[in-house]
Amino acid sequence: MKDAKLVVKSESHRNTIVHLSDHVAIGGQKIVIIGGPCTVESLTQMETVAQHLQFAPVQALRGGVYKPRTSPYAFQGMGLEGLEILAEVRKRYEMPIVTEVMAISQIEEIAACADMLQIGSRNMQNFDLLKAIGQANKPVLLKRGLASTIEEFVMAAEYIMSYGNPNVVLCERGIRSFDPYTRNVLDLGAVVALKQITHLPVIVDPSHAAGKRELIADLSRGAIACGADGLIIECHPEPDKSVSDARQALTLDDMVNLVRSVKPVAEAIGRQVYEIQRPQLAIA
Ligand code: PEP
Ligand code: MN
């Protein structure tokens, strides 16, 4: 792995555990599941998602407010207004928030209301952004570039760590290949390799890998069987109305079923899932 020093596993180094809150940690015995829409669209949307997913249970919410879109004419995200929605949902449901940072100028405002800063696939080798996020005092979710080698991915994490941030979680989200049937190819080999090479937690995003909702539950179970420390999955109260990535969005009920179906796979390999912790927030 080139000259990687900080991310590589050594006999003296224990596996890194990244804490999202007092209750949620990625990289320990328990599998962490992050769920939510591709894009934050409204407070009602995010509240509906949080209400359902807290009982799945899902441990953290996702939702982009700055969106990397292929077309400059596509919706670019709600920006600051979206961040206010995330802050509100975070407070009301006491669930950690994961959201994407696209630019250095956004780090401060996002770090003020999110628990984990996502570096998207398109920015995995934005070295100035990696250096800046390395100086942020927040856990980072680093997604694999859409055509990046495992070595490039590992070195991107090395950038963040070498600038002072040890709380990095790697995310395999599929790599581009020749077959348009799936959006990308989920590289479960990379998950196994990254767990061997690095001491960092590794999670899988089957949504952006598959691009089709009917493939996601099976890929999720496969990822856990391969040793992934968690999953990040897109879902929406009305998937077909999702402003972005509608085709891969699960319904909230599908999400609940998926989370339950992961449990026996986790247990089969000696791991656990989180149990529901806060019944006082039950919907009346
Ligand atoms: C996302 O998580 O919504 C996203 C844009 O993912 P990626 O960077 O993996 O394409
Ligand atoms: Mn998306």
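The questions and answers below go from the whole chain to single sites.

Modeller: This is a predicted model, in which local features need pLDDT of at least 70 and side-chain atom pairs count only at pLDDT 80 or more, while totals for chains, interfaces and linings use all residues. Residues are numbered from 1 along each chain as its sequence is written, chains are lettered from A and ligands numbered from 1 in the order in which they are written, and side-chain values use heavy atoms, with hydrogens and water left out.

Colleague: How many helices and strands does the protein chain have?

Modeller: Helices (H or I, at least four residues) and strands (E, at least two) are taken as DSSP runs, numbered from the N terminus. By that count the protein chain has nine helices and 11 strands.

Colleague: What is the radius of gyration of the protein chain?

Modeller: The radius is taken over C-alpha atoms, and the globule rule is 2.2 Å times the number of residues to the power 0.38. For 284 residues that rule gives 19 Å, and the chain comes close to it, so it is as compact as a globular protein of that length. The C-alpha trace spans about 55 × 45 × 40 Å along its principal axes. The radius of gyration is 17 Å.

Colleague: Which share of the 284 residues counts as buried?

Modeller: Buried means under 20% relative accessible area, exposed over 50%, and partly exposed in between, with a 1.4 Å probe and protein chains only. On that scale the buried share of the protein chain is 55%.

Colleague: Among contacts between residues at least 6 apart in sequence, what percentage joins residues at least 24 apart?

Modeller: A contact means heavy atoms within 4.5 Å. Of the contacts in the protein chain between residues at least 6 apart, those joining residues at least 24 apart make up 70%.

Colleague: Which parts of the chain does the pair Glu234 and Asp245 tie together?

Modeller: The two residues are 11 apart in sequence, and Glu234 counts as buried at 1% relative accessibility. Asp245 has a phi near 55 degrees, a positive value in a residue other than glycine. Because Glu234 lies in one part and Asp245 in the other, the pair ties together strand 10 (residues 230-234) and the loop between strand 10 and helix 9 (252-268).

Colleague: Is His208 buried or exposed?

Modeller: His208 is in helix 7 (residues 206-210). Leaving aside neighbours within four places in sequence, the contacts of His208 include Glu234 and Asp245, as well as Arg62, Lys143 and Arg173. With a relative accessible area of 9%, His208 is buried.

Colleague: Which residues does a cis peptide bond join?

Modeller: Most residues other than glycine have a negative phi, and most peptide bonds are trans. The cis bond has an omega of about -5 degrees. Pro57 lies in the loop between helix 1 (43-53) and strand 4 (60-62). The bond joins Ala56 and Pro57.

Colleague: What is the phi of Lys2, which is not a glycine?

Modeller: Lys2 lies in the segment before strand 1 (18-19). The residue is exposed, with a relative accessible area of 67%. Its phi is positive, at about 40 degrees.

Colleague: Against which elements do the buried residues of helix 1 pack?

Modeller: The buried residues of helix 1 are Gln45, Met46, Glu47, Val49, Ala50 and Leu53. The packing partners are strand 3 (30-36), strand 4, helix 2 (80-93) and helix 9.

Colleague: Where is His199?

Modeller: His199 is buried, with a relative accessible area of 1%. Beyond its neighbours within four places in sequence, His199 is in contact with residues including Leu6, His13 and Met161. Its place is the loop between helix 6 (188-197) and strand 9 (202-204).
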